[in-house]
Amino acid sequence: LEHSLPLPVGDYFHSNTEYSQAVRLYLRGGDFKMAEKSTAGAIEMVESNQRCDMLQNIVKFWEEYTEAKKELPSSSISFLLLLLFRSPKDAAAAQQARKCVSMLG
């Protein structure tokens, strides 16, 4: 079902706050806007081990997305999240630190 209908199944996961699965399916289905919305939902969750694991999975899915030679807008949440996970120093140097800290707490 996920392979034939990734967007409706992604909607199901998004509505049930299973954001990492939603991001994976939205990216597979080509819905960048909803993948960003699910990424934001995960970031806004209460801090917990589950949130940390979810964000690590989401970073993995966004990395796969960018490895497929797809660029992310530098103002997107996914871009900032990847920058923060890949190189916190670069995030600070790019003067994005304040935005990253306010976003991730």
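1. Rings of Phe, Tyr and Trp (for Trp, the six-membered ring) form a pair if their centres lie within 6.5 Å; planes under 30 degrees apart count as stacked, over 60 as edge-to-face and the rest as tilted. By this rule, ring pairs link Phe32, Trp62 and Tyr65 into a cluster.

2. The model is predicted: local features need pLDDT of at least 70, side-chain atom pairs count only at pLDDT 80 or more, and totals for chains, interfaces and linings use all residues. Residues are numbered from 1 along each chain as its sequence is written, and side-chain values use heavy atoms, with hydrogens and water left out.

3. Four aromatic pairs are present in the structure. One of them, Phe32 with Trp62, is edge-to-face, with 5.5 Å from centre to centre and 75 degrees between the planes. Because Phe32 belongs to helix 3 and Trp62 to helix 4 (residues 49-67), this pair ties together parts that are 30 residues apart in sequence. Helices (H or I, at least four residues) are DSSP runs, numbered from the N terminus.

4. Trp62 is buried, at 0% relative accessible area, while Phe32 is partly exposed, at 26%. Buried means under 20% relative accessible area, exposed over 50%, and partly exposed in between (1.4 Å probe, protein chains only).

5. Glu36 is placed in helix 3 (residues 32-43) and counts as buried, with 12% relative accessibility. Beyond its neighbours within four places in sequence, Glu36 is in contact with Trp62, Ser76, Ile77 and Ser78, where contact means heavy atoms within 4.5 Å.

Terms used:
Helix = DSSP H or I, 4+ residues; strand = E, 2+ residues; numbered from the N terminus.
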